[in-house]
Amino acid sequence: MNLISLIIEAVSGAVGGNIAGAAMKENSLGTLGNSIAGIVGGGLGGLLLQGVLGGAAAGDGSLDLTTILSNVAGGGIGGAILMAIIAFVKNAMAKK
């Protein structure tokens, strides 16, 4: 994985985390919390996608449209999922 792919995944993860936070207002972590969870989730989602798809998601040194789209998809979805998991765990712990 190269640095540009990681940056794309982090940015799309932050966007995905904030979109998930906006969709689940009662579970939102706030803009900063959603962004941080999204960035971490975006990186993890990109790594998972790279493991599943192999070289197509890794970039292999080239930055073609397929690579960019897979980085955006993996980062955005990973960011949204991790933000949602953290929000649900936080709310479950607060209820106890």
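**View 1. The crossing of α1 and α4 is right-handed.** Right-handed here has the near helix turned clockwise from the far one by less than a right angle, and left-handed has it anticlockwise. Helices are DSSP runs of H or I with at least four residues, numbered from the N terminus. This is a predicted model, with pLDDT of at least 70 needed for local features and 80 or more for side-chain atom pairs, while totals for chains, interfaces and linings use all residues. Residues are numbered from 1 along each chain as its sequence is written, and side-chain values use heavy atoms, leaving out hydrogens and water. The axes of α1 and α4 come within 6 Å and cross at roughly 40 degrees; axes are lines fitted to C-alpha atoms over the stretch in contact, and angles run from 0 to 180 degrees between N-to-C directions. That makes α1 oblique to α4 (under 35 degrees is roughly parallel, over 145 roughly antiparallel, 65 to 115 roughly perpendicular, and the rest oblique). On the α1 side the contact (heavy atoms within 4.5 Å) includes Ser5, Ile8, Glu9 and Ser12, and on the α4 side Thr67, Ile68, Asn71 and Val72 are among the partners. By class, that contact has six nonpolar, eleven polar and one charged residues; Ala, Val, Leu, Ile, Met, Phe, Trp, Tyr, Cys and Pro count as nonpolar, Asp, Glu, Lys and Arg as charged, and the others, Gly among them, as polar.

**View 2. α1 also meets α2, in a right-handed crossing.** Helix α1 (residues 3-23) and helix α2 (residues 30-53) have axes that come within 6 Å and cross at roughly 130 degrees, so the two are oblique to each other. From α1, the contact takes in Glu9, Ala10, Gly13, Ala14, Gly17, Asn18 and Gly21, and from α2 the list includes Gly38, Gly42, Gly43 and Gly46. Sorted by class, the contact of α1 with α2 comes out as three nonpolar, eleven polar and one charged. Among the buried residues of α1 are Glu9, Gly13, Gly17 and Gly21 (buried is under 20% relative accessible area, exposed over 50%, partly exposed in between, with a 1.4 Å probe and protein chains only).

**View 3. α2 passes α4 in a right-handed crossing.** Their axes are 6 Å apart, at an angle of about 130 degrees, and that makes α2 oblique to α4. Val40, Leu44 and Leu49 are among the α2 residues in the contact, while α4 brings residues including Gly74, Gly78, Leu82 and Ile86. The tally for α2 with α4 is seven nonpolar, eleven polar and no charged. Of the α4 residues, Gly74, Gly78 and Leu82 are among those that are buried.

**View 4. Leucine 29 sits in the loop between α1 and α2.** Leucine 29 is partly exposed, at a relative accessible area of 23%. Setting aside neighbours within four places in sequence, leucine 29 touches Asn34, Ala37, Met83, Ile86, Ala87 and Lys90. Its C-alpha lies 30 Å from that of asparagine 2, 27 residues apart along the chain.

**View 5. Phenylalanine 88 belongs to helix α4.** With a relative accessible area of 47%, phenylalanine 88 is partly exposed. Beyond its neighbours within four places in sequence, phenylalanine 88 is in contact with Met24 and Asn27. Glutamate 26 is 62 residues apart from phenylalanine 88 in sequence, yet 9.9 Å apart in space, C-alpha to C-alpha.
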